[in-house]
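Have the structure open as you read.

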Amino acid sequence: LPALTMLGMDDLAEKLFLNRQVPGWLYQVERGATTIWERWDALAPDGTRSALGSGASAPVLDYQDELILDIQVAGVPASDTVLAYGTRAGTFLPLGTLARILDLAITVSDDGHYASGWFLSQDRRLVLDLRNGTLTSNGSETPLPADLAVAFDGELFLRADAFGAVLPLDLVVNLREQAVTITTRERFPFEERIAREAERER
């Protein structure tokens, strides 16, 4: 409202303030708001909470939230670096980039809104569809909570604590050390390749 009045739009500021519909300040007050909501329609007229009002909205990533993190796989001497994003909702890591690092046949398309492929064996399919809000793993489709994944800059970013539910691995983010440690729960293709190379060198 102050921005509107500074621009000489007092009539619009007054209309917005007194409006009892969305968007309007009185809409929130009449529904019991004691603070300003993050979005105008956080509570629908029927009393149901919208996605953002219930804390299940897609996170908003911004270049100011960029993190450069060192990816370390337990038991592997080499490491790699990824561009991640840190928000209040958590740390978001690039699924496509991690799939390449881990030698997984998973690709990201549709400007980051869709990821598909398989991991460890061709019958273990994985599909994340952000436009439809679904996660398909091993033939079972489930709703994908909106706050777990986001498309940004052509990549699909998945919240770090969700990776273990999607892939057979444990992932720990240490922002103080700017590092991510991955521990696989099953043998991944890159681990098999390293083992073969080590065997050849003997």
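In which helix do Arg193 and Glu197 both lie, and how many residues apart are they? Both lie in helix α6, four residues apart, or about one turn of the helix. Keep in mind that this is a predicted model.

**Salt bridges**

The side chains of Arg193 and Glu197 meet in a salt bridge, N to O at 3.8 Å. Arg193 has a relative accessible area of 33%, so it counts as partly exposed. Glu197 comes in at 35%, so it is partly exposed too.

The chain's salt bridges come to a count of eight. Side chains of opposite charge can pair when their charged atoms come close.

| Pair | N to O distance |
|---|---|
| Arg124 and Glu186 | 2.8 Å |
| Arg159 and Asp147 | 3.6 Å |
| Arg193 and Glu197 | 3.8 Å |

Take the Arg124 and Glu186 salt bridge, at 2.8 Å. This pair links distant parts of the chain, 62 residues apart: Arg124 sits in strand β6 (residues 121-129), and Glu186 in the loop between β12 (179-184) and α6 (189-201). Glu186 counts as partly exposed because its relative accessibility is 33%.

Now for Arg159 and Asp147, whose closest N and O atoms are 3.6 Å apart.

**The cores**

On to the nonpolar side of things. The largest nonpolar core has 35 residues, and those with the most contacts inside it are Leu93, Leu128, Phe163, Leu167, Leu171 and Ile182. Apart from that core lies another one, of six residues, with Tyr85, Phe92, Phe152 and Phe157 among them.

Leaving out residues up to four places away in sequence, Leu128 touches a set of residues including Leu95, His113, Tyr114, Leu135, Leu144, Leu156, Leu158 and Val166.

Which residues make a nonpolar surface patch? Leu7, Met9 and Leu12 do, over about 280 Å². Met9 is found in the loop between α1 (2-6) and α2 (10-18). With a relative accessibility of 34%, Met9 counts as partly exposed, because that value falls between the 20% and 50% cut-offs.

The protein chain as a whole exposes about 12100 Å², and carbon and sulfur atoms supply 51% of that area.

**The whole chain**

Stepping back, the protein chain has six helices and twelve strands. Of its 202 residues, 36% are buried. Looking at contacts between residues at least 6 apart in sequence, 39% join residues at least 24 apart.

One stretch to treat separately is residues 51-55, where pLDDT stays under 50. For those residues, the model has eight contacts beyond four places in sequence.

Key. Residues numbered from 1 in each chain as written. Predicted model: local features only at pLDDT ≥ 70, side-chain atom pairs only at ≥ 80, totals over all residues. Heavy atoms only, no water. Patch = residues over 30% accessible without salt bridge, like charges linked within 9 Å, V, L, I, M, F, W, Y side chains within 5 Å. Areas by Shrake-Rupley, 256 points an atom, 1.4 Å probe, with all protein chains shown as cover. Salt bridge = Lys/Arg side-chain N within 4 Å of Asp/Glu carboxyl O. Helix = DSSP H or I, 4+ residues; strand = E, 2+ residues; numbered from the N terminus. Buried < 20%, exposed > 50% of the residue type's maximum accessible area, 1.4 Å probe, protein only. pLDDT = per-residue confidence, 0-100. Contact = heavy atoms within 4.5 Å. Core = buried A, V, L, I, M, F, W, Y, C linked by side-chain atoms within 4.5 Å.
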